[in-house]
Amino acid sequence: MRALTLVIIAALVFILAYRFYGAFLAAKVLALDPKRRTPAEAHNDGRDYVPTNRWILFGHHFAAIAGAGPLIGPVLAAQFGYLPGTLWILIGAVVAGAVHDMVILFASVRHDGQSLAEIARREVGNFSYWLASVAILFLLIIVLAGASVSVVNALFQSPWGTFTVGVTIPIALFIGIYLKWLRPGRIAEATVIGVILIILGVVLGPVIQHSALAPLLTFNKQQLSLMIAAYGFLAAVLPVWLLLVPRDYLSTYMKVGTMLLLAIGVIIVNPVLQMPAVTKFVAGGGPVIPGKVWPFMFITIACGALSGFHALVSSGTTPKMVRNEADILPIGYGAMLTEGFVALMALIAATVLPAADYFAINSPPEVFAKLGMQVQDLPVLSQLVSENLAGRPGGAVSLAVGMADIFSKIGGLRHLMGYWYHFAIMFEALFILTLIDAGTRVGRYLMQEIGGAVYKPLKDHNWWPGIILTSGIFTLAWGYLLYGGSISTIWPLFGVNNQLLGSMALAIGTTMLIRMGKARYAWTTFIPMVFLTVTTITAGYQNIVINYLPKHNYLLASISAIMLIMVILIIADSVRVWVKLLSQKEQDTHTKRLEKAPTA
């Protein structure tokens with residue numbers, strides 16, 4: 001199959017979904033009210049609650065939710081062939097992921113910008129609140145440490161990468177000051193300046209690498225670990241308008257722009273997808289993902305179709321900046337569809353490589369040797385990018401090679417293959433870094449809420465000692481795991497825990513819809529919740545029985561079991577509330593019918 005076919009199908013599906021299903025959710029299910037005052041307006045404090053232009057907020061939200069998931073997950077899932085991943089991205093993003101993001105964003109806006117755990121308290125009860133708080137905090141620490149490891153591995157001993165990614169921070173600070181004090185309201189003007197500066201940072205990367213500044217920008221893994229943790233702390237403490245929003249907004253242009261450029265490259269080059277539609281590994285035993293296509297593909301792709309982490313952003317930074325409820329549709333539903341398109345482009349970039357080359361990159365050499373495959377273009381590609389590409393699993397390298405291969409075939413630019421490859425690596429690092437800043441801030445919010453139950457001033461988002469203390473403790477937690485590197489041993493937990501969080505969020509969203517008197521529309525969240533719950537519990541159980549216990553990894557087995565039990569209890573608690581609410585509604589209806597009945 002030609003890659004262009006998938007691009008056209010995806011564009012049509014997502015456009016139609018936004019126009020019809022998204023509009024249905026906005027008008028009928030949630031009944032968005034443009035005249036209703038939002039938390040950003042009611043609590044405007046200039047730091048966390050800040051009314052923000054919808055397109056700037058779209059940029060922040062997209063940058064925050066689009067971490068490594070939509071890039072790495074689909075690439076790893078390509079092991080099963082291009083068809084299973086394509087179907088799940090298209091269907092999952094439309095009826096599950098975008099619904100999940102939009103409903104939780106709406107719920108947080110209606111609950112004064114509070115976190116998912118606080119929404120669980122108000123909609124379900126205190127029992128679910130404490131379970132959700134622990135589960136979310138645990139997930140955040142794992143995902144931030146794991147994502148940071150990816151950035152460290154991409155940037156260590158790389159002055160080009162360090163400069164390109166690092167320069168986005170002072171640029172963001174400048175744009176934040178520019179819009180706040182120098183030229184308020186000049187969004188288009190600031191955008192042009194910011195994008196030009198970021199592009200300049202990318203272009204100057206190779207120059208810096210071969211200059212006298214290179215040694216000053218060359219760091220080992222431990223140094224980078226400390227620097228990334230320090231960045232996360234600053235992003236959690238500083239006002240959102242100063243660093244977080246402008247950096248995420250501007251990096252979104254690079255992210256979306258790169259993916260649009262990749263789409264243009266696919267249109268011009270129109271490469272053939274060399275990976276089969278379905279491989280023999282759908283039945284299990286693959287070198288990249290050991291399990292079967294169900295349930296493991298749905299856990300692996302994660303952010304490209306549905307991600308529980310998105311609920312933390314949709315109930316974290318974003319709802320505190322929504323200026324108008326009508327903006328929830330493009331930000332909540334639209335950003336997820338955009339991420340789905342990014343995921344599909346990543347899948348295409350991986351599957352245009354010859355199947356043997358894909359497996360040679362994503363498998364350890366000793367594992368690939370047992371597959372009986374012969375590499376095709378890999379030696380030439382390695383020479384073009386000046387890197388040994390074989391035996392570098394994890395998805396990032398194969399995605400970068402696939403992107404670089406497509407870019408380099410546009411207009412005879414094959415001699416720039418090395419530049420495109422390193423650019424793609426940095427592009428992936430930017431995706432992940434935006435997850436770190438938003439995730440750390442969400443963790444700070446959650447720690448303030450939990451700590452406020454013990455010491456009330458901690459709940460005050462204007463109390464600087466509390467802000468600094470909770471940001472420091474949370475950053476120390478994931479920074480410690482990052483510095484020690486032990487997170488690599490429990491990273492597989494993220495896939496399961498992430499989707500368990502998605503199931504929990506959909507259960508809470510279903511409860512809210514029933515409370516709002518929208519029980520007839522509760523299927524919009526209930527159906528994806530049931531599918532995701534069954535799939536993820538199955539994957540979690542198989543992880544414990546097949547992967548953890550046989551290897552005597554009792555710690556991971558215990559943590560997995562605890563997370564499974566907590567989410568099952570939250571869903572059961574939600575079902576209890578559903579039954580109560582629906583029974584009460586039925587009783588009220590029956591009473592009203594009797595009152596209206598004619599007397600004898």
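**Around Ile 508**

Mentor: Setting aside residues up to four places away in sequence, Ile 508 touches Leu 116, Ile 119, Ala 120 and Val 124, where contact means heavy atoms within 4.5 Å. This is a predicted model, in which local features need pLDDT of at least 70, side-chain atom pairs count only at pLDDT 80 or more, and totals for chains, interfaces and linings use all residues. Residues are numbered from 1 along each chain as its sequence is written, and side-chain values use heavy atoms, with hydrogens and water left out.

Trainee: Which helix is Ile 508 found in?

Mentor: Ile 508 sits in helix H22, residues 492-515. Helices here are DSSP runs of H or I with at least four residues, strands are runs of E with at least two, and both are numbered from the N terminus.

Trainee: Is Ile 508 buried or exposed?

Mentor: Ile 508 counts as buried because its relative accessibility is 1%. Buried means under 20% relative accessible area, exposed means over 50%, and partly exposed is in between, using a 1.4 Å probe and protein chains only.

Trainee: How many residues of H6 are buried?

Mentor: Helix H6 (residues 116-123) has 6 of its 8 residues buried. They are Leu 116, Ala 117, Glu 118, Ile 119, Ala 120 and Glu 123. After H6 comes Gly 125, with a positive phi near 155 degrees.

Trainee: Which other residues have a positive phi without being a glycine?

Mentor: Asp 112 is one of them, with phi at about 65 degrees. Asp 112 lies in the loop between H5 and H6, and counts as partly exposed because its relative accessibility is 31%. Ala 302 is another, with phi near 45 degrees. Ala 302 is in the loop between H13 and helix H14 (309-314), and is buried, with a relative accessible area of 5%.

Trainee: Where is the cis peptide bond?

Mentor: The cis peptide bond joins Trp 294 and Pro 295, with omega at about 15 degrees. Pro 295 belongs to helix H13, residues 293-301.

Trainee: Changing topic. At what angle do H11 and H21 pack?

Mentor: Helix H11 (residues 221-237) and helix H21 (residues 464-484) pack at about 155 degrees, with axes 9 Å apart. Axes are lines fitted to C-alpha atoms, for helices over the stretch in contact, and angles run from 0 to 180 degrees between N-to-C directions. That makes H11 roughly antiparallel to H21. Angles under 35 degrees count as roughly parallel, over 145 as roughly antiparallel, 65 to 115 as roughly perpendicular and the rest as oblique.

Trainee: Which residues make that contact?

Mentor: Among them are Leu 226, Ala 229 and Phe 233 of H11, and Ile 468, Gly 472 and Trp 478 of H21. The contact residues of H11 with H21 divide into 12 nonpolar, 7 polar and no charged. Ala, Val, Leu, Ile, Met, Phe, Trp, Tyr, Cys and Pro count as nonpolar, Asp, Glu, Lys and Arg as charged, and the others, Gly among them, as polar.

Trainee: And how do H5 and H23 cross?

Mentor: The axes of helix H5 (residues 82-110) and helix H23 (residues 523-548) come within 10 Å and cross at roughly 120 degrees. That makes H5 oblique to H23. The contact involves residues including Trp 88 and Val 99 of H5, and Pro 528 and Phe 531 of H23.
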